[in-house]
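Have a look at the chain below before reading on. The report takes a helix, a charged residue and some aromatic rings in turn.

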Amino acid sequence: MSSSRDKANRVAIVGASSLRGREVKLVLEERNFPAGDIVLLDEPTVAGTLTEAGGEPTFIRALEEASFEHARFVFFTGSQRDAEQNWRKAQASGATVIDLTGFLASSPVATVSIPALATVFLPRPGMNLNPSATLKDSAKESASASKSPVPYSSPGSGVIVGCTIAAALAKFSPVRTVAMLFPPVSERDQAAVDELESQTTNLLSFRPITQNIFDAQVAFNLLAGYGEESKPSFHEVRSSIARDVAHYAGERAHPPAIQLVQAPVFYGYAFAAFAEFSAPPALEQLELAFANVGAKVAAPGDPPPTNISVAGENEIHLARIEPDANVPNGVWIWGVADNLRLSAVNAVRIAEELIAAPPVQ
């Protein structure tokens, strides 16, 4: 039974039929988020789809002008176009916008937040706000200039991984850091999952393949670039991750050099990071630093994490950190995260912290 306080926390999910939208709804329910009502919104083409929220049957509703009335939080989880066209409407209704699409990532009015890194990095306000502000301070400063709640950008898994590496290693002042990211096709939503499945089946049957999403063969392949017709392009995906990691780290840490390799996997964001230091680092101290920013480090004797082993897990999972064979002061860091869960939990944690914070005066 919802309390009167819970009833005030009406939540709307825009893009509810997307993989991110479904994961956000699931995380809200699993974490017993104090929402009196969860409204599922999407394009008219999927409106009327029967689903459930909070254990009760419900329908996905068409996104309309009045969709955000009385909402405390609006999660944008579908396309960047949806966020671009509707986030100001949600904000004007009095809701706090939490954007998972990446549209607000470089906005001067949005605060970028990764709650797991709060012990090292405070949330990163928009460029027109004080860079040293806390989550509550950002809301106060924005409220002083506008009666509308400050919007938040909740980064994707690649950005969270890059920022976690930078945050964990910051106090060790690495000479250089490089992160090789292996995004799964689910980063491009259900259509990309379907394309990989179709390509795999057709190649095994010696039939032609479709390439609508990546404009390239993803199945049984590793890609350092997409076809010319792929939107966004490979360069745009990599550049946006590098830009957002650098913006969030700011002057607080050196962001890693970032490269992508598109992996032929459905789910799970894997990465291999190399860090070099001016003196040999203590591996135990490095592992403790990652644990302090929310990563789960394998115990001695445990196998390294895999895309399969991290399914449904909230955190980034790391193998034991190993020294490089040729570089005396270099180490390798292998990690994997459930990409959909990692980004959804981050977004929900932003809302949880805002509920727990004292009211803005």
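What follows is a short report on local packing in this model, which is a predicted one.

**Helix α8**

Start with helix α8, residues 283-292. Its buried residues are Leu286, Glu287, Ala289 and Phe290. Seen down the axis of α8, these residues fall within an arc of 155°, so they line one face of the helix. What does that face pack against? The buried residues of α8 pack against α5 (157-169), β13 (296-297), β14 (317-318) and β16 (330-337). Just after α8 comes glycine 294, with a positive phi of about 95°.

**Arginine 188**

Arginine 188 sits in the loop between β10 (176-182) and α6 (190-204). Arginine 188 is buried, yet it has no salt bridge. The nearest side chain of opposite charge belongs to glutamate 195, 7.7 Å away. A salt bridge needs the charged atoms within 4 Å. Which backbone atom lies by the side chain of arginine 188? The backbone oxygen of lysine 231 is 3.1 Å from a polar atom of that side chain. Leaving aside neighbours within four places in sequence, arginine 188 is in contact with Ile213, Phe214, Tyr226, Ser230, Lys231 and Pro232. Two of these names return below: Phe214 and Tyr226 form one aromatic cluster with Phe234.

**Aromatic pairs**

A pair of aromatic rings is described by the distance of the centres and the angle of the planes. The count comes to six aromatic pairs. The table gives values for pairs in this model.

| Pair | Centre to centre | Angle between planes | Geometry |
|---|---|---|---|
| Phenylalanine 33 and phenylalanine 73 | 6.0 Å | 75° | edge-to-face |
| Phenylalanine 172 and phenylalanine 277 | 6.5 Å | 75° | edge-to-face |

Take phenylalanine 33 and phenylalanine 73. Phenylalanine 33 lies in the loop between α2 (19-30) and β2 (37-42), and phenylalanine 73 in strand β6 (residues 71-76), so the pair ties together parts that are 40 residues apart in sequence. Both phenylalanine 33 and phenylalanine 73 are buried.

Now phenylalanine 172 and phenylalanine 277. Phenylalanine 172 is in the loop between α5 and β10, while phenylalanine 277 is in the loop between β12 (269-276) and α8. The pair therefore ties together parts that are 105 residues apart in sequence. Phenylalanine 277 has 4% relative accessibility, so it counts as buried.

How values were computed. Residues are numbered from 1 along each chain as its sequence is written. This is a predicted model: local features need pLDDT of at least 70, side-chain atom pairs count only at pLDDT 80 or more; totals for chains, interfaces and linings use all residues. Side-chain values use heavy atoms; hydrogens and water are left out. Buried means under 20% relative accessible area, exposed over 50%, partly exposed in between (1.4 Å probe, protein chains only). Helices (H or I, at least four residues) and strands (E, at least two) are DSSP runs, numbered from the N terminus. The arc is that of the directions from the helix axis to the C-beta atoms. Contact means heavy atoms within 4.5 Å. Lys and Arg count as positive and Asp and Glu as negative; His and the chain ends are not counted. A polar contact is a pair of N or O atoms within 3.5 Å; within protein, one must be able to donate a hydrogen and the other to accept it, and residues adjacent in sequence count only if both atoms are side-chain atoms. Rings of Phe, Tyr and Trp (its six-membered ring) pair if their centres lie within 6.5 Å; planes under 30 degrees apart count as stacked, over 60 as edge-to-face and the rest as tilted.
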